[in-house]
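The following note sets out comments on the side-chain packing of the model shown below.

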Amino acid sequence: MSSSRKFAATLLLGIVAASTCVLAGERPAGYFGYGRVATEAEVAGWAISVRPDGQGLPPGEGTVNQGADAYTEQCSACHGTFGEGAERYPKLVGGSIKGDRPEPSVGSYWPFATTLFDYINGAMPFPAPHQLSADQVYAITAYILNLNNIVGSDFVANRETLPKVKMPYRDRFIWKDPRPDTKNTECMNDCADPASVRIESTAEGKELTPRTTGPLDDMKPK
Amino acid sequence: MKLLSGQRPTGIETDPERRRFLTLGAALGASALAGDTARAAESYPPTDAPWSQMLGPGVVDKPYGEPSEFVKDVIRRNVPWLTATPESSVSFTPLQNQTGIITPNGLFFERYHAGRANVDPAQHKLMIHGLVERPIILSMQDIQRFPSLSRIHFIECPANGGMEWRAAQLNSLQFTHGMVSCAEWTGVKLSTLLEEVGLKKEAKWALVEGADAAHLARSLPVEKLLDDCIVAYGQNGEALRPEQGFPVRLIVPGWQGNVNIKWLRRIQIGDQPWFTREETSKYTELMADGSVRGFTWLIYAKSVITFPCPEKPLKEPGIYEIRGLAWSGKGKIKAVDISTDGGVTWERAQLEQPVLSKALTRFTLEWRWDGKPALLQSRAVDETGFVQPTIAQLRAARGVNGVYNNNSIQTWQVKPDGSVFDVQLA
């Protein structure tokens with residue numbers, strides 16, 4: 001297509017788009033014309049987010065064994081050799097959602113395996129994020145899924161396999177806000193039996209509260 | 001006198017006024033040793049205060065002003081045991097000292113997922129792409145050239161009060177409620193930018209992403225973005241603070257704090273959500289029955305008494321003005337009721353103007369304290385008629401493992417000596 005015909009086609013497309021998309025009172029696309037149109041390469045460079053259906057996953061792959069090495073090097077200092085967590089950093093493996101003290105981890109809670117790739121890629125390792133190769137991220141993802149017994153030791157993570165991984169807790173997630181789920185009223189008098197008003201718990205004496213005067217309180221024993 | 005850049009004018013040190021100031025300062029220090037009683041007497045007429053008899057510093061002594069040295073304790077504070085590192089953590093606004101609906105920029109609560117990004121506005125870009133007719137890249141100059149507006153809105157982290165689900169734990173207003181702040185935000189309506197790129201008809205969801213080291217990203221319905229969201233570069237009359245996402249952040253009025261993406265660099269339009277880590281592993285609520293609630297963005301009506309509170313006890317029996325703040329992500333606050341007997345009887349508080357949609361609203365009520373034990377509570381009602389729940393009602397509906405969206409009625413126990421404690425009622 002010649003450049004003039006291309007221009008005419010683009011213009012026509014623009015008019016069609018404008019006539020189909022613009023609601024009353026809205027301005028047509030490009031009305032102000034500020035900034036500039038993003039190129040495909042620019043979009044590809046920043047559009048790192050990954051969806052459960054695999055959209056956004058890059059080419060590349062990684063095995064569980066490769067992941068064990070990369071994990072030891074990049075992740076184990078904070079998350080423990082086998083994902084058990086170190087100090088106060090999150091554990092990645094095991095735990096149970098049931099019971100009085102639930103332990104949400106990748107295995108016990110995370111609903112999508114693709115999220116694991118996305119988060120490691122964008123935010124990890126914590127001190128120097130978004131510097132691992134796609135192969136490394138795939139490998140570490142495979143290793144953490146394997147540590148959680150979600151995939152076998154022969155698993156190869158890539159853009160085809162990750163969306164197919166079924167995470168154990170996925171079906172317990174509800175993606176529609178059910179609130180309001182409380183029905184308090186604007187009662188003004190006789191709203192409770194005065195004899196029933198009883199303090200159930202108090203923060204007094206628990207020594208969990210930092211000082212709110214003077215310099216910042218590190219709460220370390222003096 | 002010519003000065004090299006960065007060099008202090010040496011004349012200041014030998015300035016006679018300066019010397020006099022220093023001498024007086026030393027004298028003041030000595031008189032402080034004379035004891036509180038003597039000093040208190042000296043502060044009444046006919047005595048003139050020292051600052052009434054001495055020249056103060058001149059203009060641009062502090063080219064960017066700061067609070068008085070006498071309020072240096074009024075600062076953001078953190079709970080060291082709460083998080084593994086300060087880079088992925090939170091600090092709390094001293095609401096016990098906030099005198100109006102606007103939170104001073106230096107006291108606005110902080111929440112970082114990978115520390116505070118130090119962004120050069122000359123380098124920063126915002127890219128809008130995906131299901132659009134015309135993907136664009138905007139510089140800060142481009143963003144600031146669009147039609148502008150200003151709105152006053154609160155931002156609350158949904159984990160505000162999250163440590164109090166099982167029991168009263170923190171004896172402090174700052175730490176039970178300080179993850180909420182309010183500011184005037186100035187920027188461009190996001191709907192203007194979305195018109196500029198031209199949404200395709202399949203556009204239903206948007207991923208909004210920050211330029212911080214977490215690449216913090218959340219999925220939001222396009223409907224909300226077109227409704228009232230702001231791409232903001234101004235905060236209370238000045239540029240956004242770095243803590244609040246300088247040079248540009250998203251404001252999602254009335255919705256949980258973390259979707260108000262700071263250091264905003266990218267908006268991707270799509271037809272379904274991305275299910276990022278911050279909307280699956282975090283910011284989801286585990287219910288008592290084992291189900292998990294996601295996408296619970298909206299901040300429901302909430303209020304708290306800011307005076308008295310654990311940090312601001314009562315001095316003696318007598319007349320006090322109970323003061324507090326109320327807010328709702330659904331619109332304006334319609335009413336706030338106050339109980340001093342643990343919820344048996346309630347009295348309607350006065351709302352102070354302005355009462356704005358999705359903004360902190362101040363309320364007051366005159367109260368004569370007889371010196372007896374009291375249980376103070378405030379209960380907000382918003383313009384949709386929603387009434388703030390008790391913690392018992394919330395626990396009955398959700399259990400105690402949800403972490404987020406604790407908008408329960410706060411109870412302050414007042415003891416006969418006037419001291420105030422965070423308690424929960426059965």
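1. A:Trp175 is partly exposed, at 24% relative accessibility, whereas A:Phe173, with a relative accessible area of 7%, is buried. Here buried means under 20% relative accessible area, exposed over 50%, and partly exposed in between (1.4 Å probe, protein chains only).

2. The model is predicted: local features need pLDDT of at least 70 and side-chain atom pairs pLDDT 80 or more, while totals for chains, interfaces and linings use all residues. Residues are numbered from 1 along each chain as its sequence is written, chains are lettered from A and ligands numbered from 1 in the order in which they are written, and side-chain values use heavy atoms, without hydrogens and water.

3. Over all chains, 26 aromatic pairs are found. Rings of Phe, Tyr and Trp (its six-membered ring) pair if their centres lie within 6.5 Å, and planes under 30 degrees apart count as stacked, over 60 as edge-to-face and the rest as tilted. A:Phe173 and A:Trp175 are stacked, at 5.4 Å centre to centre and 15 degrees between the planes. In contrast, B:Phe92 and B:Phe175 have ring centres 5.2 Å apart and planes at 80 degrees, so that pair is edge-to-face. B:Phe92 lies in the loop between strand E1 (89-90) and strand E2 (111-112) of chain B, and B:Phe175 in helix H5 (residues 173-177), 83 residues apart. Helices (H or I, at least four residues) and strands (E, at least two) are DSSP runs numbered from the N terminus. Both B:Phe92 and B:Phe175 are buried.

4. Ring pairs also join residues of chains A and B into a cluster, including A:Tyr109, A:Phe173, A:Trp175, B:Trp205 and B:Trp297.

5. Which residues of the largest nonpolar core touch the most other members? Among the 49 residues of this core, they are B:Leu190, B:Leu193, B:Leu220, B:Val231, B:Leu250, B:Leu264 and B:Ile267. A nonpolar core is a set of buried Ala, Val, Leu, Ile, Met, Phe, Trp, Tyr and Cys residues joined through side-chain atoms within 4.5 Å. A second, separate core has 39 residues, including A:Val50 and B:Leu286.

6. B:Arg395, in helix H8 (residues 391-398) of chain B, counts as buried at 17% relative accessibility. Beyond its neighbours within four places in sequence, B:Arg395 is in contact (heavy atoms within 4.5 Å) with residues including A:Glu200, B:Glu164 and B:Gln424.

7. B:Arg379 lies over the face of B:Trp346, at 4.2 Å from the ring centre; the criterion is NZ of Lys or CZ of Arg within 6 Å of the ring centre and within 35 degrees of the ring normal.
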